[in-house]
Structure formats: C-alpha cells, structure tokens
Amino acid sequence: MATHIASLRKLWALHVLDGNDIHLSLKELYEKLSNGKSGCYWELFEVYKHLKSLGYVVGRHGIPWSVKGQQIKSGTCSLEGSQESNEMLELEPKDENSVIELFNNMQITDVSPAFNVYLPNSKFRKSSPGDPSFVLYISRCSPSSRVEIEALEIKHGAIPFKFCHVENGRVSFFSFAKTELPILP
Amino acid sequence: MKPRWKGKGSQAKANADPMSKIVSQLQSSLIQSETRGLLSSCSVLVEVDAELADLLNRSCFGRPRITAQEDKQWFQLDMEEAFYLCFSLKCLKVIGEDGYIKSNEELWDYLKSKKPVFPVSYKVYSHLRHKNWVVRSGLQYGVDFVAYCHHPALVHSEYAVLVLSEGDNDLNGRLRVWSDVHCTVRLCGSVAKTLLTVIVNSNNQGANSPSCLEHYTVEEQTITRWNPERSREDQTGPKNGTKKV
C-alpha cells in the first residue's frame, strides 16, 4: 500500500488540508473519500481528478467560485510537458476549505448535476466565470431515459450537458443530444 | 454530421436525382403494373420486369434474388419495406399463402406475429423514409437500421439506428445498461457511423391496427462519446503550447 501511494504521489501531488490545517497523506485522503456520506465521494473524486489532470477547470455545480473570505483557488495546471513530469495540482484552500469540503454533501444522483466544466484554455476567471462549457452529471445505475434527458435540456437551455460513467476506474463521457434528421430532397 | 460521398461526382449525381423522385416513380410504376407480392415467412417476394427492377434498385427497396429467368427478376422485400409499399405508398398488394390478397390489417397482424416489435420498428422505418432517407437493415452492425442520405453506392451511411420504445410497450430493451451504451457507441464509431436512437412513444394507443401508428410520437437522439483528451482546445481560436497526448 505504501509503494502504491508513493507512485501515485509521483504522478500527481495533491496537497490537501483538512479543517484543522493538518496535512493529509494520500492514504488518509482515500480513506476519507471512501467514507463519504453517501459513499460516492470516490467516484466524484475520480472524475474530478481525471478532468483536472487534463487541464480542465472543474467546479462544483451550484457553488460560486469566489465566496467571501473563503477563496477556493482552482490551481494552475501546466499542460506543457508530458504526463511523466510531476503535474502539480495545487489546491490552496484557506480557512476550513479542503478538497473534502469541495465534495461535502455532494451526492451522486442522476438528477442533480455534479460539476461545471470549462475548457482548459478558455479565458476562465473566478471573478466572472461565465457559463461553463458543459455541465456534468455522474450516472450511477443506468442511462437516463429520454424523458429525463428532455427535462435536463429544458433546465440547462443553451448550456450543453454530458453524462459521466465511472466503473472500474474507467471514466467515460457521453453526450445524449436531441436531434432531427433533415428532410432530404 | 456531413455526408461522406463515395468518389467524385457522387454528390452531383445524388443532387441531380433526388430520392423522393425515384421513390415516386417506383410508386407509379408499381401501381400501373398492378404488381402483387407473395408472402413468404418474413419476406415478401415480387416478380418484376427490368424497368421496375431498376427502380427498386435505385430506391433501395428489397434485394434481387438470382434466378434462371431472363426477362423477369425476383426481389425479396423485408417486412418494413413491404409494409411501407403497401400501407404508406399504397402501391403494392400482398397475396397470402391462401392465394388471397391480404388487407392492411391482416398483413399487420401477420407481421406482428412474426416480429412483436414490428409496430415500433415500422414507425421508425417509415418516419425516416418519409423524410427521404434510405433505410436498410443494420443487422451486421448490431443495430436495427442504417440510414443513408442517398443510394449506398454514392454515399456511406451516416447513422446507425436503434429503435427504442417508451411507455407501455418496451419490447426492445436496448441501452438499458451502460455496458450496452459503451458497446454500441464503440461499434458505431469503428464503422464511422453516429448512433441515432429513435424513441417511439405509442401514447397508449396499443398496436391493434396500423391506424394506431399515426398516434405514435417519435423523437430522435444521437449518443456520442466525448473524449476529454482530444477536446482541450478552446473552440474559439487557435492556442499555442498545448501538447496533445
């Protein structure tokens, strides 16, 4: 277990502070995630990590980027150089915030969106994030029905949304888009 | 998704010869010749002359059967194709094993007995054909149909079509689990087609007669896989320094 954690550390280093400003080891982090309220923090974390390591800006849906006095800095992620180099994903939370806090009270439900995602090179600014490139839902059991998807289309309007399915450590993303084939001549 | 035409001149050929016109010619020709189809298990066989054979080929209905006859050709029509010619285009009559012409209701009952999902499957077939898309069996791709914007000789098919039903009568059972979504999308991608699901809602009309069909509603949906490794560029402009993995 220790070697495993060590090699993971090399791949990406995540500095996490818990509520008491105590530095958590990766093992402690994993443990905390597995014991999340709804037991689903691990999947959320997998998705979050996957997108962040590719340079996407990922925020929790429904939570503002800048909160008075408690700024969550969505760290810089360098895309230059390959993934062999240490990509530092630094979250510098202040006060009580931590990665755990980020996922606090999150539940994976098929009906509530998990994350707002922005493209890596988009001109993202916390002070005015603008609309996300897409909203991400994490699907657990089965793909959503047409009725459910239609409700989401109405809810999000012009902002696209995608579904993410996590299984066996594999993170896959799908788009379900309403369409209408044209009438041909 | 833009159509992928086969070779130079195909698009021009297709534009000069719209599918709606070819189908319309087929319809007139069948009516004029009072062609009768023979019901045989899950197909309808028709005997046609050279002119009709050419129209059937150009409009992509049926498959020619090899026979020793020189002046006439036999074509084998799928259930949906046959019913479309009978019921929607009203240009073909089908004779049963008893030697009598089958009414639309009788034909409907017969085809339903052979294929319980026929009502929903037919709704999708006719929905796409009405829009002048060429619709063929998608069996070799693990889907229900493949749809082309013109003749397969001129263009590659863009869509792999799956028939799904909503409401009281969900007999198809595809894409109920994520593994099936993964599988189907992957297969479609490997044959350069987009997965198109056409969801039919019978609106509690049942399937007692073909007249129920007009109350069915249809929704189209594409399902595609998004690859975050390939989509990192901001679509609005070229960026420097982003290394693609």
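Contact is taken here to mean heavy atoms within 4.5 Å. The model is predicted, so that local features need pLDDT of at least 70 and side-chain atom pairs count only at pLDDT 80 or more, while totals for chains, interfaces and linings use all residues. Side-chain values use heavy atoms, with hydrogens and water left out, residues are numbered from 1 along each chain as its sequence is written, and chains are lettered from A and ligands numbered from 1 in the order in which they are written.

Ser175(A) lies in strand 7 of chain A, residues 170-179, where helices (H or I, at least four residues) and strands (E, at least two) are DSSP runs numbered from the N terminus. When residues up to four places away in sequence are not counted, Ser175(A) touches Lys162(A) as well as Thr222(B), Ile223(B) and Thr224(B). The side chains of Ser175(A) and Lys162(A) make a polar contact at 3.0 Å (a pair of N or O atoms within 3.5 Å; within protein, one must be able to donate a hydrogen and the other to accept it, and residues adjacent in sequence count only if both atoms are side-chain atoms). Ser175(A) counts as buried because its relative accessibility is 13%, with buried meaning under 20% relative accessible area, exposed over 50% and partly exposed in between (1.4 Å probe, protein chains only).

Most residues other than glycine have a negative phi. In chain B, Glu34(B), which is not a glycine, has a positive phi of about 50° and is found in the loop between helix 2 (19-33) and strand 1 (36-40); at 56% relative accessibility, Glu34(B) is exposed. Lys90(B) likewise has a positive phi, near 50°, and is found in the loop between helix 4 (79-88) and strand 5 (93-95) of chain B, where its relative accessible area of 58% makes Lys90(B) exposed.
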